[in-house]
Amino acid sequence: MRLHKQALFLANIQLGQGSMEARAILTACDRLNGILSNLDSKTSVLLRVNAMVVAALAYVLIINGSDLLQVGNSTLRLLGLVVGHASLIATIASCCFAFPVINIEGDFFGVSFGEKEGDPAALDEAVLARKSSTIARKVWFYGWAWRLAALGSMGFSLLALLATLHVK
């Protein structure tokens, strides 16, 4: 079935031309889509923060190659290098966990994008189960992306604090 026909089928259900169960399932799907939309927005912001942290850490640790803790003792310098590189790795890993969250799903209520002809896809509890499964998977990925981003950002903050405290 073509995508526009599936959209029209769903609109007709919303307008009362379907069963009460079909309308309830469509309303539940809309609520689940709202959760996915919120998750997508949060992930987008998280990726922007990660981009700033990665850019700053990559510049300081790799491109510039400067020793932020020039006046510190060798133990403090080593701590700064370890914290900086660990923060960079955690932030990059956070991005890797965030990308599956913003991945576009390949169907619209059971109709694959680009599918040619056929009857409208069934609007049943299987649709809700698939959406719920998608949300659970994306929440898991987002949880790890957030934890790793927080770890990377805290490490970057610690590195900046150490550098600030040891500047002549």
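Me: In which helix is the place of serine 37, and is this residue buried, partly exposed or exposed?
Reply: In this predicted model, the place of serine 37 is in helix α2. Its relative accessible area is 42%, and since buried means under 20% and exposed over 50%, serine 37 is partly exposed.

Me: How far apart in space are serine 37 and isoleucine 102, C-alpha to C-alpha?
Reply: Along the sequence, serine 37 and isoleucine 102 are separated by 65 residues. In space, the distance from C-alpha to C-alpha is 9.3 Å.

Me: Which backbone oxygen lies 2.8 Å from a polar atom of the side chain of threonine 43?
Reply: Threonine 43 is also found in helix α2, where its relative accessibility of 0% places it among the buried residues. Leaving out residues up to four places away in sequence, threonine 43 touches Ala98, Val101, Ile102 and Tyr142. The backbone oxygen at 2.8 Å from a polar atom of its side chain belongs to leucine 39.

Me: Which element gives the largest share of the largest nonpolar core?
Reply: The largest nonpolar core has 12 residues, including Leu10, Ile25, Leu36, Leu123 and Ile135. Two or more residues of this core come from each of α1 (3-17), α2 (20-63) and α4 (125-165). Apart from this core lies another one, of nine residues, with Leu39, Cys95, Val101 and Ala149 among them. The largest share of the 12-residue core, six residues, is given by α2.

Me: What kind of aromatic pair do phenylalanine 97 and phenylalanine 141 form?
Reply: Phenylalanine 97 lies in helix α3 (residues 74-98) and phenylalanine 141 in helix α4, so their pair ties together parts that are 44 residues apart in sequence. Phenylalanine 97 itself is partly exposed, with a relative accessible area of 24%. The two ring centres are 6.1 Å apart and the planes make 45 degrees, and because planes under 30 degrees apart count as stacked and those over 60 as edge-to-face, this pair is tilted.

Me: Why is the pair of tryptophan 140 and phenylalanine 141 edge-to-face?
Reply: Tryptophan 140 counts as partly exposed, at 48% relative accessibility. Its ring centre and that of phenylalanine 141 are 5.2 Å apart. The pair is edge-to-face because the planes of the two rings stand at 80 degrees.

Me: Over which ring does the charged end of arginine 147 sit?
Reply: One aromatic cluster is formed by Phe97, Trp140, Phe141 and Trp144. The charged end of arginine 147 lies 4.8 Å from the centre of the ring over which it sits, that of tryptophan 144.

Me: Where in the protein chain is confidence lowest?
Reply: The protein chain has four helices and two strands, which follow the pattern α-α-α-β-β-α along the sequence. Its mean pLDDT is 81, with 79% of the residues reaching 70 or more, and confidence is highest in α4, at 90. Where pLDDT is low, the predicted coordinates should not be read in detail.

How values were computed. Residues numbered from 1 in each chain as written. Heavy atoms only, no water. Core = buried A, V, L, I, M, F, W, Y, C linked by side-chain atoms within 4.5 Å. Buried < 20%, exposed > 50% of the residue type's maximum accessible area, 1.4 Å probe, protein only. Polar contact = N/O pair within 3.5 Å; in protein donor to acceptor, adjacent residues only side chain to side chain. Contact = heavy atoms within 4.5 Å. Phe/Tyr/Trp six-rings, centres within 6.5 Å; stacked < 30°, edge-to-face > 60°. Lys NZ or Arg CZ within 6 Å of the ring centre and 35° of its normal. pLDDT = per-residue confidence, 0-100.
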